[in-house]
Amino acid sequence: MTPDLKVTLAGVEFSNPIMTASGCCGYGEELADVFPLEKLGALVTKSITREPRLGHPPPRTAETPAGMLNAIGLANVGVKRFLAEKIPWLETQKTKIIVNVAGSSLDEYVEICAMLADCERADMIELNISCPNVSEGGIQFGTNPAMTEKVIAEVKKVFSRPLVAKLTPNVTDIVEMAKAAEQGGADVLSLINSMVGTSIDIETWQTRLTNNKGGLTGPAIKPIALALVDAVHSNCRLPIIGIGGIATAADVIEFLLVGASAVQVGTALFVEPDAPVKILNDLTSYLKRKQLARVTDLVGQVRKY
Amino acid sequence: MKKLATTTVSVTARRDLRNDYYSLTFGPYPRVTKCRPGQFVHIRLPETDILFRRAMSIASVDTDRREIEIIFKVVGRGTTVLSRYRKGDQVDLLGPLGNTFSLPKKSERALLLGGGVGYPPLLYMATHMVRSGFDPKSIEFFYGGRSDRDILDRTRIKKLGVNFHPVTEDGSFGQKGLITHAVESFIQGQKKDRMRIFACGPEPMLKAVDDLGLREGINGELSLEAPMPCGIGVCLGCVVPLKQGGHARVCADGPVFAIGEVIL
């Protein structure tokens, strides 16, 4: 029998737990040349801001051992062009759409989410309160529990469909932020965003990013992400989307075992653009081998010493 | 056939060229007929902690044998790993990616400028033009390097029948000086509106070529190099600023840009 891959988060049913991570698949057009997007549980768009953003000057990515640093700086087309140019194409894709929203002020978050409220195809919003690469906003909202709660509560007033709060690992206690997000009315948590890091060229003594620091992603951060998902799952009732260095079905299974209900594949898409397809095949084989009828049978089942 | 896909191919030939340069030929590559001059393949380096693929310009294609060739110099960890591949080893390619050099008019004189590691796409361009029926004598092939040891594949270039202009900084082979100086003296007194430049090489060279083209009113195209995490336009890591404002992705909007288009 084919195992059931369906997962339900905050009342929304996804065909499987595999999503793309924000900033790793643009608005989906390029990836659709590689595989049909209906294979995905959901596509998470690049962060949308009120105004279009060019992002930081290059260089804005650097390779690190088993990982990468990026300081793109939220380059995006802005919410107006997103609604006018990107949504009509996304509407033709048979997958769930989670629109990632970033802002530099409370007003900006609320304004963008209010505009998306009228856009039926935005099945969920993921609130980026954790971007490490912009000078104002973003991470300020995600590192202060009162601000986390406030921004989520205000957005909930204008957007009635489920809201995902994307949490940063760059805090002392991520559980405190998770609880603040829950208090504010978040329906789902996604974690982790990238970890602040940097890299220096020892010949020129120059940092490798014009932003001087960036967000570390890729396999290098997977163990950290797993521990943080475990911590949040153990202390918070909201469903979790696990993110951080996921490249294979084995990675997905680890995240599900520590309590994630779904996952996002990010940096791995840069290396293997069809990684989600391979992951789904291998995940199905694994469930069959373990004689599990549903992928949800794995969630939170980690055995601890 | 999907627009984009990864393909596993084998190394069918490996040539150890001089001065840390290597040539690798891969096949059978079902997408060989889709390849055009200026495009690149993105090569995975598995079983290492090297995360990103490596973008390599296509240096030649053989549609009968379904093979493609890359030529590269060992400059870092990625190229070191690549240089260790041997005949029969399997390699995972994503491609062909990027846009292409555009063919000039048959009435135009093509100035092909390859500087050092930027030589391979010009070899492909020259070969493609000759195969497409261009008169080899309408092609001026400038090849610049630091010294004699940097100028590869001389017999191969000469066999194409193109006008070959090797240039070395130390004068140990061909003309002495910089490639752009050699081009500048070549164009003196010639009809510049009937010329078209195609160039690939280090950034200072491309900047000089861009300046030369704008100053002398010669149209043309530059192929840029940039570290590319994804190669397919999604990560926005390899952008270059445009003169008209905004950024372009070297991988998906390029790597070939018109002279005067990019801020170098």
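Where is the place of A:Ile192 in chain A? Select A:Ile192: its place is the loop between strand E10 (188-191) and strand E11 (195-197) of chain A. Strands (E, at least two residues) and helices (H or I, at least four) are DSSP runs, numbered from the N terminus.

This is a predicted model, in which local features need pLDDT of at least 70, side-chain atom pairs count only at pLDDT 80 or more, and totals for chains, interfaces and linings use all residues. Residues are numbered from 1 along each chain as its sequence is written, chains are lettered from A and ligands numbered from 1 in the order in which they are written, and side-chain values use heavy atoms, with hydrogens and water left out.

**Stop 1: backbone details**

Stay on A:Ile192. The peptide bond from A:Leu191 to A:Ile192 is cis, with omega near 10°. Now go to A:Pro59, in the loop between strand E4 (42-44) and E5 of chain A. The peptide bond from A:Pro58 to A:Pro59 is cis, with omega near 0°. Switch to chain B and pick B:Asp20, in the loop between strand E1 (6-16) and strand E2 (21-27). B:Asp20 is not glycine, yet its phi is positive, near 65°.

**Stop 2: the interface**

Show both chains. Contact (heavy atoms within 4.5 Å) joins 31 residues of chain A with 26 residues of chain B. The two chains bury about 2,400 Å² between them, 60% of it on carbon and sulfur atoms. Buried area is the accessible area (1.4 Å probe) that two parts lose on being put together, summed over both. Select A:Glu63, A:Phe270 and A:Val271: they supply 25% of the area that chain A buries against chain B, more than any other three residues.

Chain A and chain B share 5 salt bridges, each a side-chain nitrogen of Lys or Arg within 4 Å of a carboxyl oxygen of Asp or Glu. Zoom in on A:Glu272 and B:Arg44, a salt bridge with its closest N and O atoms 2.6 Å apart.

Colour the side of chain A that touches chain B. Strand E5 (61-64), strand E6 (67-70) and helix H8 (268-271) each supply at least two residues of that side. E5(A) gives the largest share, 4 residues. By class, this side has 16 nonpolar, 8 polar and 7 charged residues. Nonpolar means Ala, Val, Leu, Ile, Met, Phe, Trp, Tyr, Cys and Pro; charged means Asp, Glu, Lys and Arg; the others, Gly among them, are polar.

**Stop 3: the cavity**

The structure holds 1 cavity of 30 Å³ or more. On a 1 Å grid over the protein atoms alone, a cavity is a set of points where a 1.4 Å probe fits but cannot get out; a pocket is an open set with protein on both sides within 12 Å along at least five of seven lines; lining residues have an atom within 4 Å of a point. Grid points are joined across faces, edges and corners, and a volume is the space filled by probe spheres set on the points. The largest cavity has a volume of about 460 Å³. Select A:Ser22, A:Gly23, A:Asn70, A:Asn193 and A:Thr217, the closest to its centre of 31 lining residues. The lining divides into 12 nonpolar, 17 polar and 2 charged residues.

**Stop 4: the second largest pocket**

About 510 Å³ of space lies here. Of 23 lining residues, A:Tyr27, A:Ala75, A:Asn76, A:Val77 and B:Leu236 are the closest to the centre. E15(B) gives the most to this lining, with 3 residues.
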